[in-house]
Amino acid sequence: MDLHTPVCDLLCCDYPVVLAGMGGVARSELVAAVAEAGGFGFLGMVRESPQLIAAEIAAVRDRTARPFGVNLIPAATKPALLDAEVRACVEGGVHAVTLFWDLSAETVKRLRGAGVLVACQVGSLEEAIAAQEAGADILIAQGWEAGGHVRGRSGLHALVASVLGAADVPVLAAGGVTDGEDLAAVMRLGAQGAVLGTAFLATRESFAHDYHKRRIVEAAPGETVHTEDFHINWPPNAAVRVLPNSVTRGARGDPHARPRQVVGADGDRSIYLFSTDSPLRSMTGDFEAMALYAGQGAGRIGEIVPAGDRLRAIVAGAMSCLPSERRLHAPVEPGDREAASAVCYAGQADAAYMGFAPADELATELNVLLEAERAGARVAARIATETDDPGLKALARVIHADEVKWCKALFHALLDLGVEPSTKVGDFYRNAMTIAGVEARLAFVNRGQGWVVRKLRTLGPRVRDDALHAMLREMLEAHERNIDDANTALAERAPSA
Ligand SMILES: Cc1cc2nc3c(=O)[nH]c(=O)nc-3n(C[C@H](O)[C@H](O)[C@H](O)COP(=O)(O)O)c2cc1C
């Protein structure tokens with residue numbers, strides 16, 4: 001659990017390891033396997049029908065109760081289909097959507113308005129700023145090492161560093177991340193986690209055809225190529241990273257020649273030579289000639305394993321590389337708490353008799369607080385990105401940072417109690433998002449913080465553990481400070497009577 005970063009609270013997952021929404025490849029079986037192992041998965045639903053999206057959402061839910069998301073590509077999708085896809089995501093109640101390629105601010109706005117968390121994958125600093133201004137909750141910095149469509153021209157580490165310099169929201173890194181060392185390296189730079197495509201393609205649960213999986217396992221280091229040969233279905237001048245084949249070697253002729261040649265089928269749909277379709281379980285045809293997407297890490301993938309095993313190996317590897325950095329993300333140190341615990345002379349006394357909250361009640365209350373803080377963090381993040389008022393922006397950022405800090409502290413307190421932390425976001429978030437206007441929303445946040453204060457005042461005296469008691473006390477004082485600051489800011493902006 002020690003790799004936990006604030007983005008885990010936004011995504012409601014245990015580890016900051018995210019399955020990329022690979023079109024065709026990331027279907028329900030893979031998404032559910034990643035979620036069950038503690039990561040977060042996106043269904044790759046580019047240009048898919050709303051019926052398939054609804055069916056895949058239901059299929060994930062049949063396999064896991066954990067939250068997950070959907071990936072869409074507005075620029076490669078006709079507007080009417082995109083509209084129906086977005087509706088399917090909202091009606092399906094997915095936790096998050098990732099968007100990629102040309103930014104569609106309208107789609108970001110629509111999803112956010114419906115309470116869906118939005119992550120935008122970007123290939124440059126300019127794109128990152130535009131996505132953040134459009135309201136993205138999370139940025140995915142995609143380096144040019146990435147498999148599939150490659151948006152920018154920067155290497156991953158340089159891009160992550162530059163995006164971090166401008167980002168107010170969590171940044172995840174994508175492109176060539178294959179093992180624990182790769183994950184640790186991007187987290188050391190300040191990324192809150194990573195998005196992986198190729199490493200999860202080469203797993204038992206992925207919907208890629210065995211031919212594609214085998215080619216990845218057989219790939220040599222440095223073997224991938226960056227090409228624009230596979231272009232049918234996408235906006236022009238879009239580069240992809242693939243394994244070399246007869247197409248990239250030029251043996252299949254001019255990619256733009258007519259008539260188009262059919263090289264396979266997916267049910268009754270023809271697969272054309274030079275199209276962006278990659279070989280899937282459901283396809284037949286000449287797989288060698290299709291787009292064999294692979295990131296630069298492909299040469300380090302040696303076998304097809306269950307997705308959960310791959311995720312656990314990556315997490316374990318990263319944890320062994322990050323002995324001290326891990327603590328950067330942990331405002332409350334379990335060790336500190338133990339050291340601070342005073343001798344309890346009433347240790348043998350019955351907790352209920354002494355007026356202390358019984359363990360199950362304490363766990364419930366802490367989980368309620370965790371859900372509320374997670375909701376508060378999300379609303380504050382929205383206010384910080386939406387407002388043009390520098391004072392309110394700064395205040396919202398402080399509130400956001402505090403709420404994330406308390407999420408993390410509550411999360412660890414629950415783990416210390418041996419209780420599974422809730423992965424839900426409190427209803428407060430949805431209610432807050434229905435309120436128009438930044439100031440009205442901030443006033444609503446203040447009411448929410450007031451509720452937390454009242455709860456902490458009641459709960460605090462009933463907590464027996466000294467360290468937990470001190471943590472809740474600190475949390476109470478921080479909330480009182482933030483309430484005062486927000487009240488002052490709102491009073492200064494109130495129209496004079
Ligand atoms: C087979 C494959 C299909 C992909 N399809 C999509 C897609 O439909 N939408 C998208 O946003 N990204 C897609 N990507 C790119 C990923 O989002 C991500 O940037 C990439 O996989 C990261 O690099 P890696 O493959 O080296 O881990 C795809 C990548 C692969 C390998």
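The C-alpha centres of domain 1 and domain 2 lie 34 Å apart. This structure is a predicted model. Domain 1 covers residues 1-329, and domain 2 covers residues 330-493.

**Contact between the domains**

- Domain 1 gives 17 residues to the contact, and domain 2 gives 20 residues.
- On the side of domain 1 that touches domain 2, helix H1 (6-11) and helix H12 (325-328) each supply at least two residues.
- H1 gives the most to this side of domain 1, with 3 residues.
- Sorted by class, the side of domain 1 that touches domain 2 has 6 nonpolar, 5 polar and 6 charged residues.

**Around the ligand**

- The ligand is surrounded by 32 residues.
- The closest of these residues are Gly 23, Gly 147, Gly 148, Gly 197 and Gly 295.
- Three elements each supply at least two residues of the shell: strand S7 (148-150), strand S9 (193-196) and helix H9 (198-201).
- H9 provides the largest share of the shell, 3 residues.
- The shell divides by class into 14 nonpolar, 17 polar and 1 charged residues.

**Helices H2 and H3**

- Helix H2 (residues 28-36) and helix H3 (residues 50-63) have axes that come within 9 Å and cross at roughly 40 degrees.
- This angle makes H2 oblique to H3, because angles under 35 degrees would count as roughly parallel.
- H2 and H3 cross in a right-handed way.
- On the H2 side, the contact consists of Ser 28, Val 31 and Ala 32. They meet Glu 56, Ala 59, Val 60 and Arg 63 in H3.
- The residues of this contact between H2 and H3 are 4 nonpolar, 1 polar and 2 charged.

**Helices H14 and H17**

- The axes of helix H14 (residues 359-386) and helix H17 (residues 438-459) come within 10 Å, with a crossing angle of roughly 160 degrees.
- H14 and H17 are therefore roughly antiparallel to each other, since angles over 145 degrees count as such.
- The crossing of H14 and H17 is left-handed.
- H14 contributes Glu 365, Leu 369, Ala 372, Gly 376, Val 379, Ala 380, Ile 383 and Glu 386 to the contact.
- H17 contributes Val 438, Arg 441, Leu 442, Val 445, Gly 448, Gln 449, Val 452, Lys 455 and Leu 459.
- By class, the contact of H14 with H17 has 10 nonpolar, 3 polar and 4 charged residues.

**Helices H15 and H18**

- Helix H15 (residues 390-416) and helix H18 (residues 466-493) have axes that come within 11 Å and cross at roughly 165 degrees.
- That angle makes H15 roughly antiparallel to H18.
- H15 passes H18 in a crossing that is left-handed.
- The H15 side of the contact is made by Gly 391, Leu 392, Leu 395, Val 398, Ile 399, Asp 402, Trp 406, Ala 409 and Ala 413.
- These residues of H15 meet Leu 468, Met 471, Met 475, Ala 478, Asn 482, Asp 485, Ala 486 and Ala 489 in H18.
- The contact of H15 with H18 includes 13 nonpolar, 2 polar and 2 charged residues.

**Backbone details**

- Arg 258 and Pro 259 are joined by a cis peptide bond, with omega about -5 degrees.
- Pro 259 is found in the loop between strand S11 (239-242) and strand S12 (262-266).
- Cys 12 has a positive phi of about 60 degrees, although Cys 12 is not a glycine.
- Cys 12 sits in the loop between H1 and strand S1 (17-19).

Key
Residues numbered from 1 in each chain as written. Predicted model: local features only at pLDDT ≥ 70, side-chain atom pairs only at ≥ 80, totals over all residues. Near = placed C-beta within 6 Å. Helix = DSSP H or I, 4+ residues; strand = E, 2+ residues; numbered from the N terminus. Nonpolar A, V, L, I, M, F, W, Y, C, P; charged D, E, K, R; others polar. Axes fitted to C-alpha atoms, helices over the stretch in contact; angles between N-to-C directions. Parallel < 35°, antiparallel > 145°, perpendicular 65-115°, else oblique. Left-handed = near helix turned anticlockwise from the far one by under 90°. Contact = placed C-beta atoms within 7 Å. Domains from an automatic or database assignment.
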